[in-house]
Amino acid sequence: MSETNVRELMERTSHKRIHNDCDFTRKNYYLVCGFHLEIGVCPLSTLGFGTTVWDAALALCQYFETEGITFPDKKVIELGAGTGILSILVALLGGDVTITDQPTLLRQIERNVSFNIPSSFKSRVKVCALSWGRDHTLFPSDYDYILGSDIIYSFDAIPLILQTLLHLSNENTVVYFASRMDYAQTVGYGYMIMSQYFKTELVCRYKVKDINVYKMVRKTPTPGDLIE
Ligand SMILES: C[S@@+](CC[C@H](N)C(=O)[O-])C[C@H]1O[C@@H](n2cnc3c(N)ncnc32)[C@H](O)[C@@H]1O
C-alpha cells in the first residue's frame with residue numbers, strides 16, 4: 001500500500017497523485033491525525049469536481065492536526081464534500097457529522113464512509129444531498145461547525161453558499177473554509193461577501209500550495225434573515 005502523509009503533502013511543492021480516476025477500485029491512502037484513511041474516487045466525469053481529493057481538503061485535515069482540534073460530540077456539517085475525506089476525519093475525531101454534496105456524489109461518499117468508519121461510529125455519520133441555496137432549509141440551524149474545502153470557485157455559487165451558511169449557522173457556529181487561491185478574483189470576492197455577515201479570520205496559509213484556511217463566526221446582529 002502506498003500511503004501519503006498529509007503533513008508532507010502540504011509541505012511539498014508538488015506531489016505525484018497516487019490515485020487513478022479511471023478505476024473506482026483504486027484508492028488513495030492518507031495518514032492524518034494518526035488515522036490511516038482509504039479514499040476511493042469514482043471515475044464518472046459527470047460527477048464533476050467531486051471526484052478528486054482537493055488539496056484544500058488536505059489543508060483543513062492538516063490544520064486540525066497541527067492545531068489539535070477535535071470534535072467530541074460536536075454537531076458538524078460539510079458542504080460540497082466530494083470524496084468525504086474531511087468529514088470522515090472529523091467523525092473519527094469525535095464529531096457527529098452530516099456529509100453533504102450533490103446527489104450524484106453520495107454513493108462515492110457512502111463508500112468512503114464504509115471504508116473508514118468503524119461500525120460502532122456509523123451512527124455518527126449521515127450522508128445527505130444538499131444543493132446550495134436549494135435544500136438548505138431541510139437542515140437545522142444549530143451546527144457547532146460548518147466545513148467547506150474548495151467550494152468557492154464560481155461567482156454564481158457565492159450567493160447560494162452564503163444563503164446556505166446563514167441558514168445553517170447561529171452565533172455559536174464556527175465555520176472553517178479552505179480555498180486554493182488560484183481563482184483569486186472569485187475567491188477574494190467570495191470571502192469579501194462572506195465577511196459582511198461573518199467575522200472572517202485567515203487562520204492558516206499553506207504558502208507552497210497557495211491555500212488559505214479561514215475561520216468565520218457570524219456577526220451579530222446579522223442581516224442574514226433578510227436573504228433566507
Ligand atoms: C472542487 S470540489 C471540492 C470537493 C471537496 N470539498 C474537496 O476539497 O476535496 C467542489 C465540490 O462542490 C460540490 N458542489 C458544486 N456545486 C454545488 C452545489 N450547487 N451544491 C452542492 N455542492 C456543490 C461539487 O459536487 C464538489 O464535490
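**Entry 1: helix H5**

I looked up what the buried residues of H5 pack against, and found strand E4 (75-79), E7, E8, H6, E9 and E10. Contact here means heavy atoms within 4.5 Å. Buried means under 20% relative accessible area, exposed over 50%, and partly exposed in between, with a 1.4 Å probe and protein chains only. Helices (H or I, at least four residues) and strands (E, at least two) are DSSP runs, numbered from the N terminus.

This is a predicted model, in which local features need pLDDT of at least 70, side-chain atom pairs count only at pLDDT 80 or more, and totals for chains, interfaces and linings use all residues. Residues are numbered from 1 along each chain as its sequence is written, and side-chain values use heavy atoms, with hydrogens and water left out.

I noted that ten of the twelve residues of H5 are buried, among them Ala157, Ile158, Ile161 and His167. I then checked the span of H5. The expected span of a helix is 1.5 Å times one less than its number of residues. For the twelve residues of H5 that gives 16 Å, and the end C-alpha atoms are 16 Å apart, so the two agree.

**Entry 2: the whole protein**

I recorded six helices and ten strands. Of the 228 residues, 53% count as buried. Among contacts between residues at least 6 apart in sequence, 69% join residues at least 24 apart.

**Entry 3: the sheet**

In which order do the strands of the seven-stranded sheet run? I read E6-E5-E4-E7-E8-E10-E9, in an open sheet with mixed pairing. Strand E6 (125-129) and strand E9 (198-206) are at the edges with a single partner strand each, so one side of each has no neighbour in the sheet. Neighbouring strands are turned by 20° against each other on average, direction ignored.

Two strands pair if DSSP finds at least two bridges between them. I found that strand E7 (residues 145-149) and strand E8 (residues 174-180) pair in the parallel sense over five bridges. Tyr145 has Val174 of E8 as its bridge partner, and Ser149 has Ala178 of E8. Six of the seven residues of E8 are buried, so E8 is largely enclosed by the rest of the structure.

Helix H2 (residues 55-67) has 13 residues and reaches 18 Å from its first C-alpha to its last, close to the 18 Å expected. I counted it as mostly covered, since ten of its 13 residues are buried; these include Asp55, Leu58, Cys61 and Phe64. Gly68 follows H2 and has a positive phi, near 65°.

Helix H4 (residues 106-116) lies across strand E5 (96-101) and E6, and runs at about 170° to E6. For such angles, axes are lines fitted to C-alpha atoms, for helices over the stretch in contact, and angles run from 0 to 180 degrees between N-to-C directions.

**Entry 4: rings**

Rings of Phe, Tyr and Trp (its six-membered ring) pair if their centres lie within 6.5 Å; planes under 30 degrees apart count as stacked, over 60 as edge-to-face and the rest as tilted. How many aromatic pairs does this rule give? I noted eight aromatic pairs. The rings of Phe155 and Tyr189 have centres 5.5 Å apart and planes at 55°, so this pair is tilted. The pair links distant parts of the chain, 34 residues apart, with Phe155 in the loop between E7 and helix H5 (157-168) and Tyr189 in helix H6 (residues 184-197). Phe155 is partly exposed at 40% relative accessible area, and Tyr189 is partly exposed at 36%.

I also found a cluster in which ring pairs link Tyr63, Phe64, Phe71, Tyr145 and Tyr176.

A charge sits over a ring if NZ of Lys or CZ of Arg is within 6 Å of the ring centre and within 35 degrees of the ring normal. Lys75 lies over the face of Tyr143, at 5.3 Å from the ring centre. The charged end of Arg124 sits over the ring of Phe121, 4.3 Å from its centre.

**Entry 5: positive phi**

Cys33 lies in the loop between strand E2 (27-32) and strand E3 (35-40). Asp150, also not a glycine, has a positive phi of about 50° and is found in the loop between E7 and H5. Buried or partly exposed? Cys33 is partly exposed, with a relative accessible area of 22%, whereas Asp150 is buried, with 13%.
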